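This briefing is for a reader meeting the structure for the first time. It goes through a few places in turn, with the points grouped by topic.

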Amino acid sequence: MEMETIDKINIINSLGETEPFSSEKVYQSMLRAGASEIVAQKITDIIKKKVRPNISTFEIYKIAKKYLEKEKKASFLRFDLKYAIKRLGPEGFVFEKFIKEILQKLGYEVTNNRIIQGKCISYEIDFLVKTKTTKHLGECKYRNGTGERIDVNVLLKSFAVLDDIKSNNLNCEIKTMVVTNEKFTEKAIRYAKCKNIKILGWNYPEKEGLETIISNNNLYPITILPSFNKNYLQLFAEENVLLINNLTEEKIKTLESKVNRNYLKKLKEEISLIIN
């Protein structure tokens, strides 16, 4: 079957909606995981042969993951990023800290859970990003279900909060941003562009989304490691070890009074595999 024909086959996405299969999306997802162009094309060709009408995107993911594991272990681990982030849940608190750590690694000054007074009332802000001239009021929208989307209502609320806070803080430029581990609806994206709201989510902005930032900077969550025990998630969050490259020798010394050192060394071995 030719690529043009294959890419016209309808598959079922995570929302239960039909959409055209895209071999290019499969290929790009392989590259983001760190597969070579040859391996990415090889697995894409395998999937193209297995695609059938109404196959789910999750089934395609499982096929890709299976063959990626055979080809390249490190890429196989990185390919699990979306589900690794979902393992930061079920509550959104750890995700907020995860986003804070990412933004700090990118060079921003970030604080979590700030109370800021508006003209009318005060607001609890998930995180505040400061630059020399601008403050960004950040809101995290964490989702650990399947096929959820961030709709325009979230941005409407965010803009209303911004408007009230700006009215009470006229001495500096204030903007707002919304960060999620899921996708935004088209309506939400249009509103964000219209109101100049910075949004960051899965595959948005295109080729600059959350997954791209994480992959390009090796800012993977600790939950991406196969040996990571979720029972330790709260402990690691308290020690600010939500990114794999934060598990330094110094942190290992801090953690080994509560966590077996051999287990921590195993995590380090898996980190080296992903990063290198």
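Phe 228 has a relative accessible area of 11%, which is under 20%, so the residue counts as buried. This is a predicted model, and the values below are computed from it.

**Aromatic pairs**

- A pair of aromatic rings is described by how far apart the centres are and by the angle between the planes.
- The structure contains eleven aromatic pairs.
- In one of them, the ring centres of Phe 184 and Tyr 204 are 6.4 Å apart and the planes stand at 70°, so this pair is edge-to-face.
- Phe 184 belongs to strand 8 (residues 183-184), while Tyr 204 sits in the loop between strand 9 (198-200) and helix 10 (210-216), so the pair ties together parts 20 residues apart in sequence.
- Both Phe 184 and Tyr 204 are buried.
- Phe 228 pairs with Phe 236: the centres are 5.2 Å apart and the planes are at 80°, so this pair too is edge-to-face.
- Phe 236 has 0% relative accessibility and therefore counts as buried.
- Phe 58, Tyr 61, Phe 79 and Tyr 83 are linked into a cluster by ring pairs.

**Helix 13**

- The N-terminal end of helix 13 is capped by Asn 260, which has a side-chain oxygen 2.8 Å from the backbone nitrogen of Asn 262.

**Asn 246**

- Asn 246 is located in the loop between helix 11 and helix 12.
- With a relative accessible area of 13%, Asn 246 is buried.
- Its side chain reaches the backbone oxygen of Asn 240 at 3.3 Å.
- Apart from residues up to four places away in sequence, Asn 246 touches Glu 101, Lys 105, Asn 240, Val 241 and Lys 251.

**Leu 162**

- Leu 162 is part of helix 8 (residues 152-168).
- Its relative accessible area is 6%, so Leu 162 is buried.
- Setting aside neighbours within four places in sequence, Leu 162 is in contact with Leu 137, Ile 174, Lys 175 and Thr 176.
- Between Leu 162 and Tyr 123 there are 39 residues of separation in sequence and 9.9 Å in space, C-alpha to C-alpha.

**Cysteines**

- The structure has zero disulfides.
- Cys 120 has a relative accessible area of 63%, so this residue is exposed.
- Cys 140, by contrast, counts as buried because its relative accessibility is 8%.

Note on methods
Residues numbered from 1 in each chain as written. Heavy atoms only, no water. Polar contact = N/O pair within 3.5 Å; in protein donor to acceptor, adjacent residues only side chain to side chain. Helix = DSSP H or I, 4+ residues; strand = E, 2+ residues; numbered from the N terminus. Buried < 20%, exposed > 50% of the residue type's maximum accessible area, 1.4 Å probe, protein only. Contact = heavy atoms within 4.5 Å. Phe/Tyr/Trp six-rings, centres within 6.5 Å; stacked < 30°, edge-to-face > 60°. Disulfide = S-S within 2.5 Å.
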